[in-house]
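Visitor: Please take a close look at one part of this model, beginning with a loop and the surface around it, and then follow the strands and charged pairs from there.

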Amino acid sequence: MQKLPHQYTVRAEGGPTGSITTRANGLQSLEVAAPKQFDGPGDKWSPEDLLVGCAADCLILTFRAVASASKLDWQSLDVDAQGTLETVERVMRFTELQLTATLEIAADESPVKATRALQKAEAACLVTNSLSTKTRLTVHISTG
């Protein structure tokens, strides 16, 4: 890992209507629009989708580091993420992120060890740690 602090720069371009193009150096651009719930087309990533997706991605990436340090033998991790958007004190915000992690481990691996590693990853995830939203983690372990 590079020495902190890290800087991340993104540029979003848009007009009065239509999609927004979001770019970062060296990365494929994304077409972003309002979600269906806000009268958007529903066929593009929305800021809401991206925020919830970032939490799921971060859990997997953080888990990789925790599992490696723990010498945990695993095959796959799927994370389903659901964000709840509500109005709280007249401000719209995400009030909860529900992360459901389905982890496949080696047949000789400990499910308790695997669960602890997922819990450590959730606690260390920089995305969810950067949000004031409550995060709940549900864990399902299977052996391969």
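**From a loop to the strands**

Guide: F38 sits in the loop that runs between β3 (30-32) and α1 (47-70); helices (H or I, at least four residues) and strands (E, at least two) are DSSP runs numbered from the N terminus. The model is predicted, so local features are given only at pLDDT of at least 70 and side-chain atom pairs only at pLDDT 80 or more, whereas totals for chains, interfaces and linings use all residues. Residues are numbered from 1 along each chain as its sequence is written, and side-chain values use heavy atoms, without hydrogens or water.

With a relative accessibility of 37%, F38 counts as partly exposed (buried is under 20% relative accessible area, exposed over 50%, partly exposed in between, with a 1.4 Å probe and protein chains only).

Between β1 and β2 (residues 20-23), the antiparallel pairing extends over 3 bridges, where two strands pair if DSSP finds at least two bridges between them. E13 faces T21 in β2. E13 is also linked with R11 and R23 in a network of salt bridges, each being a side-chain nitrogen of Lys or Arg within 4 Å of a carboxyl oxygen of Asp or Glu.

T21 also gives a reference point for D80: the two are 59 residues apart in sequence and 26 Å apart in space, C-alpha to C-alpha. D80 lies in strand β4 (residues 74-88) and is exposed, at 53% relative accessibility. Leaving aside residues up to four places away in sequence, D80 touches Q98, L99 and T100, contact meaning heavy atoms within 4.5 Å.

The salt-bridge count comes to 6. One of the pairs is E96 with K134, whose closest N and O atoms are 3.4 Å apart. E96 lies in strand β5 (residues 91-105) and K134 in strand β6 (residues 134-143), so this pair ties together parts that are 38 residues apart in sequence. E96 also meets R136 in a salt bridge, at 2.9 Å from N to O. R136 belongs to β6 and E96 to β5, so here the parts tied together are 40 residues apart in sequence. E96 is buried, at 16% relative accessibility; its two partners are partly exposed, K134 with a relative accessible area of 49% and R136 with 41%.

A further salt bridge joins the side chains of K113 and E109, at 3.7 Å from N to O. K113 is partly exposed, with a relative accessible area of 25%, whereas E109 is buried, at 15%.
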